[in-house]
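Please read the numbered points alongside the sequence and the model.

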Amino acid sequence: MKTVSYLITLLVGMAATADTPPMPYRDVGACPFECCHYGAWTAGKPATARKADDSKSAIAFQIKPGERITALTGIVITRKPGAIRMLKTYQSDKFIVPAGTLLYTLHNGGEGTTLFWFDGKARWADLYAESVHKGNSDYPWDVLSIPEAEWWVKVQTQDGAVGWILSPQDFKGMDSCGG
């Protein structure tokens, strides 16, 4: 009898965690804001480039204000997912999320879009999950927590050096909508 009880407990626990994303979650190629653009950038302030997409990695080089670089690609690394509890059924063109479902958010994409984990894969939807808040009639889900994520950008200098910048700021050219 103890074996059956143990197996039932184990199976229930597995079902509860079966739809959690792998951590850390690496969204290769991600550009995490509206109009985000890789290509020619000009530094507005100093920046440090590392040899790998890891803050403990050795420094590859420093970027000076006014220096032109090429942003080659990016990656958003989610260290800890956020959480959303659906209050009503959510329906998109490609999937249906039942009321009561706990979704794990991975990172935001700008203009209210959120990458989240559901049914064994990452999906995008307009969930407006930039901050913790209670749902309402327009957005029937509670945002319980926000994800802990890092945005790394792989860059190349004009002399060919390659490195990674964590959360780049103050670069002209990174926002194709004019920033």
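1. Strand β6, residues 82-86, pairs with β12 through four bridges, and the two run in the antiparallel sense. Within this pairing, Arg85 lies opposite Asp142 of β12. It should be kept in mind throughout that the model is predicted.

2. Both strands belong to an open sheet of five strands, ordered β11-β10-β9-β6-β12 and paired in antiparallel fashion. The edges are formed by β11 (121-126) and β12 (141-145), each of which pairs on one side only. From one strand to the next, the twist averages 40°.

3. A further antiparallel pairing concerns β3 and strand β4 (residues 59-63), which are joined by four bridges. Here Ala47 is placed opposite Ile63 in β4.

4. The loop between β3 and β4 contains Ser57. Is Ser57 buried or exposed? Its relative accessible area is 14%, and because the limit for a buried residue is under 20%, Ser57 counts as buried.

5. Leaving aside residues up to four places away in sequence, Ser57 touches Arg50, Lys51 and Ala52. With Lys51 there is also a polar contact: the side chain of Ser57 reaches the backbone nitrogen of Lys51 at 3.4 Å.

Terms used: Residues are numbered from 1 along each chain as its sequence is written. This is a predicted model: local features need pLDDT of at least 70, side-chain atom pairs count only at pLDDT 80 or more; totals for chains, interfaces and linings use all residues. Side-chain values use heavy atoms; hydrogens and water are left out. Two strands pair if DSSP finds at least two bridges between them. Buried means under 20% relative accessible area, exposed over 50%, partly exposed in between (1.4 Å probe, protein chains only). A polar contact is a pair of N or O atoms within 3.5 Å; within protein, one must be able to donate a hydrogen and the other to accept it, and residues adjacent in sequence count only if both atoms are side-chain atoms. Contact means heavy atoms within 4.5 Å. Axes are lines fitted to C-alpha atoms, for helices over the stretch in contact, and angles run from 0 to 180 degrees between N-to-C directions.
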